[in-house]
Amino acid sequence: MSVEPVFEAVAAAGSEIRDALAERRSYEEEQNPSGERQLAADVYADDLLGERLLELDSVTTYASEERETVERRGTAADPHHVSCDPLDGSSNLTSNNAMGTIVGVYDQPLPAPGSALVAACYVLYGPVTTMVTARDGTVAECLVENGDRTVLNDNLTIPEDPVTYGFGGRIPDWLPDFADYVEDIESDRLKLRYAGAMVADVNQVLSYGGIFGYPMVQGRPEGKLRLQFEGLPMGYVVETAGGASTDGTRSLLKRSPDSLHERSPVFVGNDPLVERLEMAMADGDA
Ligand code: FDP
């Protein structure tokens with residue numbers, strides 16, 4: 001079954017989400033299933049994407065970071081099961097910085113393993129709205145205007161020579177071997193860039209080469225990012241673009257979440273940097 005209808009629906013919804021942001025910057029009373037405060041924009045983006053994706057013939061289930069359980073509708077032969085982070089990095093709405101939408105398309109009911117991904121995409125709400133899609137071994141980047149996509153690059157690959165790095169978590173909370181690893185790659189003359197929104201940080205890595213991650217930290221070995229909604233789809237995009245992903249020990253795509261909202265350390269970037277990270281973790285306590 002083609003994933004094109006999913007990409008089309010995400011591009012159309014992405015334009016509407018972008019237009020709706022200005023008036024939805026206030027916090028709601030509710031929290032999401034991970035205990036984080038929701039902005040009006042989080043709720044709007046989730047409602048819109050859920051509605052648009054579930055009305056497609058190919059999509060029978062929708063799960064999102066903003067909902068406790070999986071939403072089901074209709075039946076289809078070989079259906080698609082869609083995971084969504086409707087507004088990734090939404091705390092950047094307060095400071096007017098970049099945000100995104102992340103979508104994973106699976107051929108198994110959610111929670112589903114990385115091996116069940118058949119496609120993934122993200123929309124970046126930056127100075128312009130762009131969308132990056134990964135399927136059948138190819139990554140493409142488009143400009144999105146009024147829901148229409150114009151191809152910017154039909155074969156996006158991660159640049160071979162890395163330039164940037166960026167990691168989440170407070171530095172004093174990093175585990176010693178992880179801190180040593182960061183010091184080690186800094187000596188390779190990489191530049192620190194951290195946007196505070198995974199979509200923006202990953203797009204930076206795909207634009208310049210480098211590594212982005214949210215590590216395990218003191219008192220929170222599972223890190224912050226959600227495996228189903230963020231780690232697996234973004235791992236799929238970066239690996240399809242010729243890069244690598246890891247949870248610190250193995251490719252994210254080898255992981256299988258036990259529950260929808262499970263968190264995991266997440267790293268994506270150039271293969272040699274990811275390999276060095278796994279070696280540093282294997283050597284010590286990180
Ligand atoms: P946010 O909480 O603003 O939604 O998904 C969580 C996320 O953003 C990621 O997009 C981002 O990479 C990370 O958290 C940022 O966390 P810090 O604020 O701890 O840096």
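Visitor: Where is Asp 88 placed?

Guide: Asp 88 sits in strand E5, which covers residues 80-88. Keep in mind that this is a predicted model.

Visitor: How do I read the charge on Asp 88: which side chain of opposite charge is nearest?

Guide: Start with the general idea. Side chains of opposite charge can pair when their charged atoms come close. Now the case here. Asp 88 is buried but has no salt bridge. The nearest side chain of opposite charge is Arg 226, 6.7 Å away. A salt bridge needs the nitrogen and the carboxyl oxygen within 4 Å.

Visitor: Which backbone nitrogen does the side chain of Asp 88 reach at 2.9 Å?

Guide: That of Val 199. The backbone nitrogen of Met 198 is also there, 3.0 Å from a polar atom of the Asp 88 side chain.

Visitor: Which residues does Asp 88 touch, leaving out those up to four places away in sequence?

Guide: Met 99, Gly 100, Ile 102, Ala 197, Met 198, Val 199 and Glu 230.

Visitor: Let's move to the domains. How is the protein divided?

Guide: Into domain 1, residues 4-153, and domain 2, residues 164-285. Their C-alpha centres lie 21 Å apart.

Visitor: How do I read the interface: what area is buried between domain 1 and domain 2?

Guide: Look at area, then at residues. About 2,600 Å² is buried between the two domains. Carbon and sulfur atoms give 62% of that area. On the domain 1 side, Ile 102, Pro 111 and Tyr 122 supply 21% of what this domain buries against domain 2. As for contacts, 45 residues of domain 1 meet 30 residues of domain 2.

Visitor: How many residue pairs are in polar contact across the interface of domain 1 and domain 2?

Guide: The rule finds 16, with both residues at pLDDT 80 or more. Several strands of domain 1 each supply at least two residues to the side that touches domain 2. Among them are E5, strand E6 (99-106) and strand E7 (117-125).

Visitor: And how many salt bridges are counted between domain 1 and domain 2?

Guide: Two.

Visitor: Which side chain meets Glu 36 in a salt bridge?

Guide: Arg 226, at 3.3 Å from N to O. Arg 226 also pairs with Glu 65, at 3.4 Å. The Glu 65 pair links distant parts of the chain, 161 residues apart. Glu 65 is in the loop between E3 and strand E4 (71-72). Arg 226 is in the loop between strand E13 (210-214) and helix H5 (227-240).

Visitor: Are Glu 65 and Arg 226 buried or exposed?

Guide: Both are buried.

Visitor: How many salt bridges does the rule count in total?

Guide: The count comes to 14. One of them joins Arg 52 and Glu 16, at 2.8 Å from N to O. Arg 52 lies in helix H2 (residues 40-54) and Glu 16 in helix H1 (residues 4-20), so this pair ties together parts 36 residues apart in sequence. Arg 52 is partly exposed at 22% relative accessible area. Glu 16 is partly exposed too, at 29%.

Visitor: Which residue forms a salt bridge with Glu 71?

Guide: Arg 67, with the closest N and O atoms 2.8 Å apart. Glu 71 is partly exposed, at 32% relative accessibility. Arg 67 is buried, at 16%.

Visitor: Which residues do salt bridges with shared partners join into one network?

Guide: Glu 36, Glu 65, Arg 226 and Glu 230.

Definitions and conventions. Residues numbered from 1 in each chain as written. Predicted model: local features only at pLDDT ≥ 70, side-chain atom pairs only at ≥ 80, totals over all residues. Heavy atoms only, no water. Helix = DSSP H or I, 4+ residues; strand = E, 2+ residues; numbered from the N terminus. Buried < 20%, exposed > 50% of the residue type's maximum accessible area, 1.4 Å probe, protein only. Lys, Arg positive; Asp, Glu negative; His and termini not counted. Polar contact = N/O pair within 3.5 Å; in protein donor to acceptor, adjacent residues only side chain to side chain. Contact = heavy atoms within 4.5 Å. Domains from an automatic or database assignment. Buried area = accessible area lost by both parts, 1.4 Å probe.
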